[in-house]
Amino acid sequence: MQHFIKLIFLVVFTVLMVSCNSTLAVAVDSLNPLPQESDTTFVKLKNYSTDFVYDMKYATADNFLKAKVYDCAECFLRLKTVKALVLANKEFIKKGYRIKLFDCYRPLDVQKKMWTIVSNPKYVANPAKGSIHNRGGAVDITLVDKYGKELDMGTPFDFFGIEASHDYDKVSEEVKKNRNLLKTVMTETYFNSLDSEWWHYNLKLALNDKLSNAKWDCDKEQ
């Protein structure tokens with residue numbers, strides 16, 4: 001009888017362990033918003049979240065090129081980049097901030113146009129090699145508070161000087177805190193930072209994606 005009770009206990013224990021492990025596996029999978037395979041789908045960020053702020057600089061002449069190179073101010077990205085960016089923004093919202101976007105996916109033809117205006121690899125990636133912006137895996141961003149005011153990051157967007165570097169320490173404690181907040185959340189949600197530009201972040205899983213020249217129709221509702 002005692003042996004039979006032990007056997008029943010062992011069976012029940014095994015069933016419970018299998019059930020727990022299955023539940024844990026589902027929970028872990030649900031925390032991973034990114035597909036494991038290469039994702040080549042381009043989507044509009046606004047269709048996946050309305051919690052972002054936009055100031056698409058290259059759709060205006062308010063940029064270092066002093067020229068408008070986008071036909072319209074849209075933010076397209078690979079679907080996996082969108083998923084990671086939405087995840088990051090949710091973390092910022094919990095802290096009272098939101099992501100403001102300056103640039104997203106950049107068609108290769110636009111990269112060529114930029115290179116024609118400024119043919120200097122210090123400022124513009126050579127379209128012969130392209131940039132991760134041309135792969136739909138990069139974003140240029142900052143943070144705004146609940147009133148829509150940009151946090152002080154020490155330099156404007158697209159300031160090409162040592163002062164824009166993450167390693168530059170001759171900035172105020174407030175700037176250090178703001179840059180660190182941006183970098184910490186972004187790098188904890190699937191992105192890499194660019195040392196020389198506090199605003200630039202690359203999706204880790206997009207580094208090997210192909211260059212793209214896919215374009216969107218500004219007159220067509222996406």
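This is a predicted model: local features need pLDDT of at least 70, side-chain atom pairs count only at pLDDT 80 or more; totals for chains, interfaces and linings use all residues.
## Helix H4

Helix H4 runs over residues 173-188, and at 1.5 Å a residue its 16 residues should span 22 Å, which agrees with the 22 Å that separates its end C-alpha atoms. The buried residues of H4 are Val175, Asn178, Arg179, Leu181, Leu182, Val185 and Met186. Around the helix axis these residues cover an arc of only 150 degrees, and they therefore sit on the same side of H4. An α-helix has 3.6 residues a turn, so residues three or four places apart point the same way.

Among the elements that cover the buried residues of H4 are helix H2 (79-94) and the strands S4 (98-103), S5 (138-144), S6 (191-194) and S7. The exposed residues Glu173, Lys177 and Glu188 are carried on the face of H4 that is turned away from its buried side. Just after the helix, Tyr190 takes a positive phi of about 80 degrees.

## Helix H3

In helix H3 (residues 108-117), the buried residues are Leu108, Val110, Gln111, Met114 and Trp115. Viewed down the axis of H3, these buried residues fall within an arc of 155 degrees, so they line one face of the helix.

## The largest pocket

The largest pocket holds about 430 Å³ of space. It is lined by 27 residues, of which Tyr123, Phe160, Leu194, Glu197 and His200 are the closest to its centre. H3 and strand S7 (197-203) are the elements that give two or more residues to this lining, and S7 gives the most, with four residues.

By class, the lining of the largest pocket comprises 14 nonpolar, eight polar and five charged residues.

Note on methods:
Residues are numbered from 1 along each chain as its sequence is written. Side-chain values use heavy atoms; hydrogens and water are left out. Buried means under 20% relative accessible area, exposed over 50%, partly exposed in between (1.4 Å probe, protein chains only). The arc is that of the directions from the helix axis to the C-beta atoms. On a 1 Å grid over the protein atoms alone, a cavity is a set of points where a 1.4 Å probe fits but cannot get out, and a pocket is an open set with protein on both sides within 12 Å along at least five of seven lines; lining residues have an atom within 4 Å of a point. Grid points are joined across faces, edges and corners, and a volume is the space filled by probe spheres set on the points. Ala, Val, Leu, Ile, Met, Phe, Trp, Tyr, Cys and Pro count as nonpolar, Asp, Glu, Lys and Arg as charged, and the others, Gly among them, as polar. The expected span of a helix is 1.5 Å times one less than its number of residues. Contact means heavy atoms within 4.5 Å.
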